[in-house]
Amino acid sequence: MYRVTIEDLEQETREKLVIDIRSKADFEKETYPGAIHIFWEEFDSHIDEIPKDKPVYLVCYTGLRSDEIAERWNKQGYELYSLDGGFYSWRRVKLLQFMKEEDNREQRQKDVERSIVKKFRKEIWRKFTKAVNEYELIQDGDRIAVCISGGKDSMLMAKLFQELLRHGQKNFEAVFLVMNPGYNEINYQTIQDNARLLGVPITVFESQIFDIVASDVESPCYLCARMRRGHLYNKAKELGCNKIALGHHFDDVIETILMGMLYGAQIQTMMPKLHSTNFEGMELIRPLYLIREEDIIHWMNYNDLQFIQCACRFTEHCATCGGTEKGSKRAEIKELIRELRKKSPYIEKNIFRSVENVNLSTVIAYKENGVKHHFLENYDD
């Protein structure tokens, strides 16, 4: 059998070779001890470098790519093995080993919390509190469902809410809500392990959204997003919450603005808060609204944290090559903004501020409460 567990790899007594087939950037950030790098797309062209006289263990993100390669080349006389669960299975073993030492876990949690209010005070903490105050995201008496998907953004948001509850002046409550829409076992366990490591008391509820949208071949992402939002609202309301908090950040906002203009022929933005139209009395807030994604990544790497990248069943295969948005319109917009940034460091802030400085007297038409208005209506007044 070409698929092996992390225990099989660790117990191998023969001389072995471990090859990390993830992206170069992820390999350089962290890899299995002693592993070499060959990107999965280039593996076949390097097959002459693979020895036939020793076992070779392949490590990808989740095990999908390594399964394919091992199965293909084992038929050609190579002894290739695919690490079941990939790199994340090894990270999970490391995390569990670390968490066995309770004192270390508590210290790690304190270090993460200290980094938010000390090292990343300007980039993260102040921008979080600024968004809360400037957009009036939290009022006294609120009970907020902090929605955690398991990625870097939502996990940071959870820690920020904990710090606000610990140090802030707001009289509110928070429930740290995780919905399992059908995650695979590795992703689900990773979310639980990280919550335990970071000291976030999560409330988990199950749904079958991935199974339901599997039949929608045309727009599963759109349907999935709507259903996830609805399930979160419903569960939050059931728990006595009047708001849900999502982890959209500054980069999500400016990408949405450009996507609307270039692909939707409209000027609109991702709002910092919204009243729900389907759940009376419920509101959506985005407390990371002013925080840059690069600062979130810096915080994650500084604390040596590893979160799931993409938990969607339909993009897991894409996620194994490191780019969950590869080929999407949002990926195109990200690249466009990166190119524009090379020409001016003010591009991103200007995109963000453009929807704060709309001059209606210089706009051909606009909509208000669903009603379209044209400049000719008042042109002669």
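Me: In what sense do strand β12 and strand β13 pair, and over how many bridges?

Reply: In this predicted model, where local features need pLDDT of at least 70, side-chain atom pairs count only at pLDDT 80 or more, and totals for chains, interfaces and linings use all residues, strand β12 (residues 365–368) and strand β13 (residues 371–374) pair in the antiparallel sense over four bridges. Strands here are DSSP E runs of at least two residues, numbered from the N terminus, and pairing takes at least two bridges. Residues are numbered from 1 along each chain as its sequence is written, and side-chain values use heavy atoms, leaving out hydrogens and water.

Me: Which residue in β13 stands opposite E368?

Reply: That is V371. Two residues lie between the strands of this hairpin, and N369 takes a positive phi near 55°.

Me: Switching to pockets, what volume does the second largest pocket have?

Reply: The second largest pocket has a volume of about 820 Å³. It has 22 lining residues, and the closest to its centre are I267, Q268, T269, Y366 and K367.

Me: How many disulfides does the structure hold?

Reply: The structure holds zero disulfides, a disulfide being two cysteine sulfur atoms within 2.5 Å.

Me: Is C241 buried or exposed?

Reply: C241 counts as buried (under 20% relative accessible area), because its relative accessibility is 5%. C60 also counts as buried, at 1%.

Notes: 1 Å grid on protein atoms, 1.4 Å probe; cavity = no way out; pocket = protein on both sides within 12 Å on 5 of 7 lines; lining within 4 Å. Points joined across faces, edges and corners; volume = space filled by probe spheres on them. Buried < 20%, exposed > 50% of the residue type's maximum accessible area, 1.4 Å probe, protein only.
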